[in-house]
Amino acid sequence: MMATLLALSGCGGPLSMLDPAGPAARDIATLWWVMLVGALLIFVFVLALVVAAFRRPRTAAPTHSPRDEAARERLFVVTLGIAFPVVVLLALLAYGLVIGERLLPRDEPSVVRVDAQARRSTWDFTYPGLGRTSRNVLHIPAGRPVDVAITTADVIHSFWVPRLAGKLDAIPGHINVLRIEADRPGTYSGLSAEFSGPGYSHFKFEVVAHDPAGWADFSEDGTE
Amino acid sequence: MRALERHRKLTAIWSSEPGFRGWFSTVNHTDVGKLFLVTAFVFFLIGGILAMLIRAQLATPHSAFAGPEIYNQIFTMHGTIMMFLFAIPTFEGLAIYLLPKLLGTRDLAYPRLTSYGYWCYLFGGSMLLVSMVLGIAPNGGWFMYPPLTGPIYSPGINTDFWLIGITFVEISAMAAAVELCVSILKYRAPGMSLDKMPIFAWYALVTALMILTGFPPLILGSILLELERAFGLPFFQADLGGDSLLWQHLFWLFGHPEVYIIFLPAAGVISTVLPVMCRTTLLGYGWVVAAAVALAFLSFALWVHHMFTTGIPHMSLALFSAASTLVAVPTGVQIFAWIGTLWKGRPELHLPMLHILGFFVTFVIGGLTGVMVAVVPFDWQVHDTAFVTAHLHYVLFGGFVFPILAGIYYWLPQVTGRKRFFRLGEIAFALIFIGFHLTFLAMHWVGLLGQRRRIDTYLPEDGWTTVNLVSSVGSFIMAMGIAIVILDVVVHVLTATRGPRNPWGAGTLEWAMIIPPPAYNFASLPHVASRDPLADDPDLPLRLARGEGYLGEPREGRRETLMVDVSSGAPEALVVYPANTRLPVAMAAMTGLFFLSLLLKFYWAVPIALAGVAALAWRWVWQLGRSVDEAPAPVGHGITLPSALGADRSPGWWGTSFLLVANGTFFGSLLFGFAFLWTVAPGWPPPALFEASLGEIAVGVAALAVTVAAVESAVRTNRAGGRPLAALLAGLIAVFCVVAVCAVMMARIPAPTEHAYYATLLVLTGYALFHALLTGLMFAFLIARVRAGFTSPSRRAEFTIVSLWTKYLVLTGALVLAACQLPDLFT
Amino acid sequence: MTDVMRIVLSPLVWLASFSAVYGLNGLLCGHGLVDAAVGSLSVQRAILVGAYGLALALQAAILVGLHMPRFASSSGFVRGVSVATGMAGFVAAAWSLMPVLTTSLC
């Protein structure tokens, strides 16, 4: 039902980060909606202040005595300009840091590790312990955290499956680890999200999340 | 002397050569400022046309309008032109045109440098345009990430155009920044203490300081990448001890401050125009100054937020996330100070005010989405999507283009002396405002739906078709608005309706002169006693024209102005400017030859160009001297002032100081790069450390010590009335020993193309070698000066300048020596 | 020029300490000090918190200095602005380095 609602509101789509299918993407989508509401409230408040300045009735000429000036500075600069953003931003920063901690790839017994190597127009995935490889299709078990160790054979790329998690770059000489997880079995579109020259527009891959039986088949079946 | 006679005499002294020829020899800030602004606007139009091409391409899925090769050039050039050839030069032009008028003086500190900067900008920008016309424009994105832009994956000349052309253009930014710093601090109307400076001058000062410290990392990065491309020094190649992340650090060390370098001058325009539109003064002047300073510093600690997805340690992300949210506070202070100003006064809806309202709406949204992307997890999703493209256009269009349009409509009557006739501006504003928000609100959405930046095409099933079409339609509405603005400005310049002298009732000094402004600005310089001198004394223009201020008596055809104390604005010295000359354009052409021969790999021409630059520079400085002592001269109000040539802190000393701040930032970035590679890059440690040599250390340290002792001795001897030829000669010999040590070390570095360690050492020693040669040239110059009788105790400025450069050489030379030799000694 | 230095000193020191802590953390993460610990306290955390304390102390010292007649500017305006940027430097240090107390190290 949620999916239908999203599709109706224009948030759906195979690459929409607002139609999350995993815990990381869901946390971030919630973060976005919270920030959107907060931002709208602040925006309306600021514009109302601007509009009110034009519509204020003026009975007397504006006063410029030092006392009035100091009072205005206290209201506009200290209260609205400093105290107000400090409070809002502290709350937001704390929220962001908590979510950031939750998304870290921590040691857990159920974690599956795969290696991903990008080169222009292909992603190669290898599955340590399974002795398998696949090209442009990443196989993962649904409902289990997966750590993708990302690197590149040529220029910089970025590994991004918008419905599952945020992106992480593939940088020559470095290995970066991204935690992804799919709630349910299915196919999820992935993108290479760092400009890499001609062919970039079509540089995509897929993630197939298997149910336990499918994952067992994949793990044992050397031929796919 | 009557006012008209004074006007004629001053015009004869200050005016440029008439007609077309005058363009090449003018050094007048009003002329050069206008040249800058018109050129920048032409680049804005070219960049805008490229933007239209991008939107045409993305309007529908499966678009075959441009192939990826052309499309990549289009978006790379759109970003590059808007950032480097439009936004920064517009600030330079505006500041160059306005500041002397706002500060109540006659020109900027170094008129020939103003002109040199313009020609470097024009020539460098033209190089990039030529590459576009030939279809070999840069195509790696305006951020030029290696290895994509390295020699292996981009072997063509496209990237070289960017690296070399932009570095050429940056010379103009550095020149303008040095000049603006010195002009704002030292060239003001007498009595204008720091607290009485027009607020725009504060913003320009902060921006200029940011350019001085923000651009050197980019210049260093460009040099390193070009060295890698041209000579195979592997700074960014992971398999040879380099690291592509080093480029990202250097680029964003520049790139983030750049955003504020663009926003702050626009904020200065708003702080100037908004109070006038409300018939009041700016609320919280001191707070706004403090906020601008705080913003400038905070912006230097945000660069990693462009690198949140590169896999750097988690706590580093948290540090930069915290700093990135914090930057919203000083921005908030300014926004609410402006709203408070609206409340304090009686806002009137003139055309500049409409654009300021456009700024409020747009920039507040851009700021709010900016706080969103500062939150790391959210950035992991939207990084490199259309959401970020939309965000940055809200910040830059809202935070720069709207304020600049407000500024154009506010100051246009000052530039032309005319008043607006047709009401085209209002229609243009409506089209721009509606078109902009249609284009970029939609772009936020399509980014959240997964559309990446920089793609040239997409599929119908991606679900982005409608939103993209809306966005493209909006962009064409906006383009029509911009076209009408141009029409409006052209009509304004051509219609001959004379306007009133101070149409907005402003209180600042740029309205206290004849309009359009005469070449000399003020017939006599005002004594300033408040922040709004014209509001205090509406008769001020008349009194200045009558010669009641300082320097009201034109003397011997000399272009004169005053230098003041930084804090109090008390007059200190009398400055005589150089007059019209073609030296700047010749110097820029010779500099262009240097860059062109690098670009085309005519390396045999490089030494010729360098020798040419050195010869012209020699002439440039030589012209400033006097062969006899200048007696202190009366400047009006019963004050007599000495010549600036006799000051320990002469104009040249101030300029050198600021240039060395930039140079030091460059050197610091180089040391940072060395440390970064050593600690972070894969492929370290190198095969073998550079072998230490106690002989080189001993000779190097001794030579550096002798150099600085020699220059100090020369300064003292000259001040005592002697001719310090012996000391200077000793210094020159010592400098050649430094050159020799650097050369020996460079020759000993093994195989710089095989490891980034050796490549970095080569650059470090090369840096020291260059500065030793430069210092040697200065010693030779001083010797020639002494022999020609151009020095005396009251003509001592050049000694203190060379002393500064020598001390800089000693400091950096010692550090280079340590960086090369010590690692081996301690392992 | 001294007046200009008074205004920029505190933010300049903040920028230096912020960059130093960032560099220090990168260095410690890169060189395997992550797991070293004395009792329950991680060595890396202790070093970073020490740096945090030092940065705050520096900012506090500058703020005190800006209030002392010996170092304060003779211009009331510069005094006001330098105290404001001094406060900004202090808050910036407290705020931007706070993650060393709360966040995972590497």
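This is a predicted model: local features need pLDDT of at least 70, side-chain atom pairs count only at pLDDT 80 or more; totals for chains, interfaces and linings use all residues.
Local features require pLDDT of at least 70 and side-chain atom pairs count only at pLDDT 80 or more, whereas totals for chains, interfaces and linings use all residues. Residues are numbered from 1 along each chain as its sequence is written, chains are lettered from A in the order in which they are written, and side-chain values use heavy atoms, with hydrogens and water left out.

**View 1. Domain division of chain B.** Chain B comprises domain 1 (3-18 + 29-306 + 313-494) and domain 2 (685-825); these bounds come from an automatic or database domain assignment. Taken over C-alpha atoms, the centres of the two domains lie 39 Å apart.

**View 2. Interface of domain 1 and domain 2 of chain B.** Contact (heavy atoms within 4.5 Å) involves 10 residues of domain 1 of chain B and 9 residues of domain 2 of chain B. About 650 Å² is buried between these domains, 76% of it on carbon and sulfur atoms; buried area is the accessible area (1.4 Å probe) that two parts lose on being put together, summed over both. L233(B), F235(B) and L240(B) supply 56% of the area that domain 1 of chain B buries against domain 2 of chain B, more than any other three residues.

**View 3. Interface of chain B and chain A.** Here 82 residues of chain B are in contact with 85 residues of chain A. The two chains bury about 7000 Å² between them, with 72% of this area on carbon and sulfur atoms. W343(B), Q381(B) and R452(B) contribute 12% of the area that chain B buries against chain A, more than any other three residues.

**View 4. Salt bridges and helices at the interface of chain B and chain A.** The rule finds 2 salt bridges across the interface of chain B and chain A. D462(B) forms a salt bridge with K204(A), in which the closest N and O atoms are 3.9 Å apart. Elements giving two or more residues to the side of chain B that touches chain A include helix 4 (68-102), helix 8 (244-277) and helix 11 (328-344) of chain B; helices are DSSP runs (H or I, at least four residues), numbered from the N terminus. Helix 11 of chain B gives the most to this side, with 11 residues.

Definitions and conventions: A salt bridge is a side-chain nitrogen of Lys or Arg within 4 Å of a carboxyl oxygen of Asp or Glu.
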